[in-house]
Amino acid sequence: MTKPKILVSRRWPAAVEARLADRFDVALNTGDAALTPAEFRQAFKDFDAVLPTVTDKIGSDALELTNPRTKLLANYGVGYTHIDMPSANAHGMVVTNTPDVLSECTADLAMTLMLMAARRAGEGEREIRSDAWTGWRPTHLIGSKVSGKTLGIVGFGRIGQAMARRAHHGFGMKIIVHNRSRIAADVLARYGAIQADDLDDLLPRCDFVSLHCPGGAENRHLINARRLDLMRSGAFLINTARGEVINECDLVQALAFETIGGAALDVFNNEPDIARCLRDSDRLVMLPHLGSATTETREAMGMRVLSNLEAYFDGQSPPDRVN
Ligand code: DGY
């Protein structure tokens, strides 16, 4: 029997690439460079399934073709706002993602960022590396205490809840959540959490605000100048969700005028081109989109894609279908 032809858009963990090669007729992107819209259009003519990642902007231009051979877009990652869903739907393409397997590691990284920002870890590291540390003194690099403070969680899905578990049970933090739908009382009780009426109600009540909502048009610039103004003057903003959720110019202003205490970002608008004004801010901690970057999680994400492919090509509905 001929094997389905599939294209993997970036390098994946070797163990997963090997599993894919056993089961499918696989084209690997050994150069690991992001594909252009024209290359995607060609791929949609040549392959039965295409396996993109968050770095692949599959907009309407990439999907502007007739009768594509590709009927499955098996995304490697939980977020899929980089795929133009109306165009994919119009072609009858099934789209899948990789939920669950990255929740723990993404929450771990959000905790890392929260602690780094509050305890000025980035500044301290830079100081040592530039030979500027003159030794211990009572007034040196004084940060904010994290334990026992109030954490606002925006988006209370799997990752938001994993963050709440760490912060509440590990650091004794009080948790306030904002979510599109009502969260069941027993779920909130697990983390000693309360649900705010809306985002504007949550922001002034928190010492830390961590974003765990989806990106896309719906949440573009959810955090803007007006909402940054609602935050407490010493509060910190953490983003491991998607860059577009924050208006970066407004954030730079808030940091420059010290209307908030600081921020920590793992995701950016227009990655990997980070706006110069962000790089210049000492009150900002930045990591290069590392939320899911552990061996365990990146392999598990690949295996999750494999399960979706196997189900689809066995004629079943893939478990992580999103459309
Ligand atoms: C995702 O899964 O959407 C992340 O941003 C990449 O791990």
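Predicted model: local features only at pLDDT ≥ 70, side-chain atom pairs only at ≥ 80, totals over all residues.

Visitor: How far is a polar side-chain atom of R242 from an oxygen atom of the ligand?

Guide: R242 is among the residues around the ligand. A polar contact requires N or O atoms within 3.5 Å. The separation between a polar side-chain atom of R242 and a ligand oxygen atom is 2.6 Å.

Visitor: Which atom of G79, backbone or side-chain, is 2.9 Å from an oxygen atom of the ligand?

Guide: H289 places an N or O atom of its side chain 2.7 Å from a ligand oxygen atom. For G79, the atom lying 2.9 Å from an oxygen atom of the ligand is a polar atom of the backbone.

Visitor: Which elements give two or more residues to the lining of the second largest pocket?

Guide: This pocket has a volume of about 200 Å³. Its lining comprises 17 residues, and those closest to its centre are A117, R120, E123, G261 and R283. The elements contributing two or more residues are α4 (103-118), α5 (121-129) and β12 (284-286).

Visitor: What is the handedness of the crossover from β1 to β2?

Guide: Strands β1 (residues 5-8) and β2 (residues 25-27) run parallel and are joined by three bridges; K5 has D25 as its bridge partner in β2. Between these strands the chain passes through helix α1 (residues 14-23), and the β-α-β crossover is right-handed.

Visitor: Which residue of β3 is the bridge partner of I6?

Guide: Three bridges also link β1 to the parallel strand β3 (residues 49-51). The partner of I6 in β3 is A49.

How values were computed. Residues numbered from 1 in each chain as written. Heavy atoms only, no water. 1 Å grid on protein atoms, 1.4 Å probe; cavity = no way out; pocket = protein on both sides within 12 Å on 5 of 7 lines; lining within 4 Å. Points joined across faces, edges and corners; volume = space filled by probe spheres on them. Helix = DSSP H or I, 4+ residues; strand = E, 2+ residues; numbered from the N terminus. Pairing = 2+ DSSP bridges. Right-handed = clockwise from strand over helix to strand, strands pointing away. Near = heavy atom within 4 Å. Polar contact = N/O pair within 3.5 Å; in protein donor to acceptor, adjacent residues only side chain to side chain.
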